Amino acid sequence: MIPKVHTQIIELGDGRTISMETGKLAKQAHGSVVVRMGDAMLLCTVVSNYTASPGVDFLPLTVDYREKFAAAGKYPGGFFKREARPSDGEVLTMRLVDRVLRPLFPKDYHAETQLMIQLMSHDENVMPDALTGLAASAAIILSDIPFETPISEVRVARIDGEFIINPSRAQLELSDIDMMIGASADSVMMVEGEMNEISEEEMADAIKFAHEAIKVQCAVQVAFAEAVGKKETRTYEVAETDEEIEKRAHEFAYQKVYDIAKAGSAKHERSDAFAAIKEEFKATFTEEELAEKGNLISYYYAKTEKSAIRNLTLDEGLRLDGRKTTEIRPIWCEVDYLPSTHGSSIFTRGETQALATVTLGTSRESNQIDMPSYQGEESFYLHYNFPPFSTGEARPLRGTSRREVGHGNLAQRALKGMIPTDCPYTVRVVSEVLESNGSSSMATVCAGTMALLDAGIQMKKPVSGIAMGLISDGDRYAVLSDILGDEDHLGDMDFKVTGTADGITACQMDIKIKGLSYEILVKALKQARDGRLHILGLITDTIAKPNADVKPHAPKMVTKVIPNDFIGALIGPGGKVIQELQKETKTTIVINEDPLTGEGIVEILGTNQAGIDAVLDKINSLMFKPEVGSIYEVKVIKMLDFGAVVEYQEAPGNEVLLHISELAWERTDNVTDVVNMGDVFDVKYFGKDPKTRKDKVSRKALLPKPEGFVERPPRDDKRNGGGRDNRGKDNRGGDRDRKPREKRD
């Protein structure tokens, strides 16, 4: 029996709709929903334990997003033909959803919660990541899990000045904005995307447009939950409180923390001082009190510390390291630090340092993307590494973290629009974070810019980035430029903005307070612009423009387009020609076929220009086609009884037979009477000989006729009584007088 199914429709206002369905699938999950747009269908489920694990004082929330290859009628790559670890694209989608959902669970809700979203059916005109936030929120709203308010996420694009919600991938290619916005009906909570040098006001307009669409989706979720029958929110063990400990913490620690914060010390010095105050505060309790109330003591101390630091900024406009709100930390930069890389740079801002390297390669080194919803390749990509020593820690290394994937993607999006479309290389940038105290991703953008300029990549414009913060108590607020790690933790907004001198290229924003006005948002963005331009000036003081060429030890890249007919000749049987050519010239040769024209695009990569030139000569030789009536210099490379084999000097490897009759006007009995091995002379090309159907060249055609020369009459083909060499029809196939073979029984 098919269970009762509930469906709700969201109108996007342009004829497109999104449907939400529940009651048919995954009914044992605490909440489940199928979200559909076009033929794209996502199943989202949520399950949360009814009790928290002992000692857990945070929300163990897992957001998992997977795209099933069967959804697009495809097989997974690899030997086992099974979906394995998530791709970077899936990880980035998980982060987008997690960042919006996590703040909306009660602060004292610590039960393990798992939210799983999977793409079950793919539509090439629908980008599924734009539906994941809606699916996640709807599943939670339909459950009994405590959750503050519905949210949704949408993608916004702009084509010819018009904003579009949830565009197709084809539409996105035409857009100058690609932004994901997550919000509730009341507040914008997350923004992430890339732009083509737009202004701060344009960015705010895009956010407003997206928020209006999200308000509609949140309202429909509420109506959906009411139609299904909203479950009563579960009860859970509320975190213990103690007003007496809270009061003691404030009286003991507030002013001490305030004074240390105001002193403007360095990160580790400041951390040690705060830790000492905490230990002094804990020492005011008995061992029994610490055993019983230790978690509360630590909690209220942290709350007091946060309050003191925030008030210092709001009251006096000062920050932990002594800076004013608009002040940028000291910066020093250096390029060409590593002698063997193709490009390198160091960017150090305060206690944050990034070392960036650039590696140049052919299309063979492009980053392959193989997802059910998208297949393609990236010729520019950036990898970000955040080792534990960068924060003075020793902790296990367990592969690339989601944070590293997200920060690397942000830096990549910031820079990729400034890589020229005609750049022949595949470019890989790697950022090694060597020190961290706030916004290593923005340090990566700055270091990446300088390393690219150092590598000789002809960037359109240099890019810089800055991380901004916000502290607000409702009536007062302070926008902080170039935030520290501690300010990121205790602030109300963390947003990173990158751009050129002419506009924003990427952003990532997490807003922790409700009802942030667009007036404050635009003010913060403009303050970010001032800081960004300051940093950009220091970058260009270090390296003002791209180096004119790549480094001597870096590979040079030359691209050559050849007709489709010559691709096979260049490769040779079994790849013999191209393999020998690479070995002889010490180059790397990659051949791709243009999908539109069918022409061959040959990439030649090598550090030795002579080797590259040799490859080009070989290609030109393969494509050489002599023109009828033209004169060419040739060299004798082989002697035959009936002529000489000569090679075109301008196209080595191209040979043609110079027949003995074309050597000279006089009768030539021996080829060696006229030419010898290694002789170089000119010949005239006459095209295809109608008799032999082979190329015909002549030496004598360029020589004056001797006086009294009489040309011999043409040979008579009917000599010897007709036929060819007495092999006529009558004797073809053997002796006609031979007796016929007897028939077999």
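User: How do you know that the end-to-end distance of helix α6 agrees with its number of residues?

Analyst: The expected span of a helix is 1.5 Å times one less than its number of residues. Helix α6 (residues 267-282) has 16 residues and should therefore span 22 Å; its end C-alpha atoms are 23 Å apart, which agrees. Helices (H or I, at least four residues) are DSSP runs, numbered from the N terminus. This is a predicted model, in which local features need pLDDT of at least 70 and side-chain atom pairs count only at pLDDT 80 or more, while totals for chains, interfaces and linings use all residues. Residues are numbered from 1 along each chain as its sequence is written, and side-chain values use heavy atoms, with hydrogens and water left out.

User: Which residues of α6 are buried, and what puts them on the same side?

Analyst: The buried ones are K267, R270, F274, I277 and F281. Buried means under 20% relative accessible area, exposed over 50%, and partly exposed in between (1.4 Å probe, protein chains only). These residues cover an arc of only 100 degrees around the axis, so they are on the same side of α6. The arc is taken from the directions from the helix axis to the C-beta atoms. On the face turned away from the buried side are the exposed residues E269 and D272. The cover over the buried residues includes α5 (243-263), α7 (287-316) and α10 (485-490).

User: Why is S271 called partly exposed?

Analyst: S271, which lies in helix α6, has a relative accessible area of 35%, so S271 is partly exposed.

User: Why does D98 count as buried?

Analyst: D98 has 14% relative accessibility, and therefore counts as buried. D98 is part of helix α1 (residues 88-101). Leaving out residues up to four places away in sequence, D98 touches L61 and V63; contact means heavy atoms within 4.5 Å.

User: What makes α1 mostly covered?

Analyst: In α1, 12 of its 14 residues are buried. Among them are E90, L92, R95 and V100. The length of α1 can be checked too: its 14 residues should span 20 Å, and its end C-alpha atoms are 20 Å apart, which agrees.

User: Why does Q217 count as buried, and what does Q217 touch?

Analyst: Q217 is at 2% relative accessibility, so Q217 counts as buried. Q217 is found in helix α4 (residues 200-228). Not counting residues up to four places away in sequence, Q217 touches I10, L12, I18, L134, S152, E153 and V154.

User: Where do α4 and α11 meet?

Analyst: Residues E200, E201, M203, A204, I207, K208 and H211 in α4 meet Y518, L521, V522, L525, K526, R529 and R532 in α11. The axes of α4 and helix α11 (residues 518-542) come within 9 Å and cross at roughly 145 degrees. Axes are lines fitted to C-alpha atoms, for helices over the stretch in contact, and angles run from 0 to 180 degrees between N-to-C directions.

User: How many residues does the largest nonpolar core have?

Analyst: The largest nonpolar core has 107 residues, and those with the most contacts inside it include M179, M203 and F347. Its largest share, 9 residues, comes from helix α9 (residues 440-454). Apart from this core lies another, of 48 residues, including I18 and L96. A nonpolar core is a set of buried Ala, Val, Leu, Ile, Met, Phe, Trp, Tyr and Cys residues joined through side-chain atoms within 4.5 Å.

Definitions and conventions:
Helices (H or I, at least four residues) and strands (E, at least two) are DSSP runs, numbered from the N terminus.
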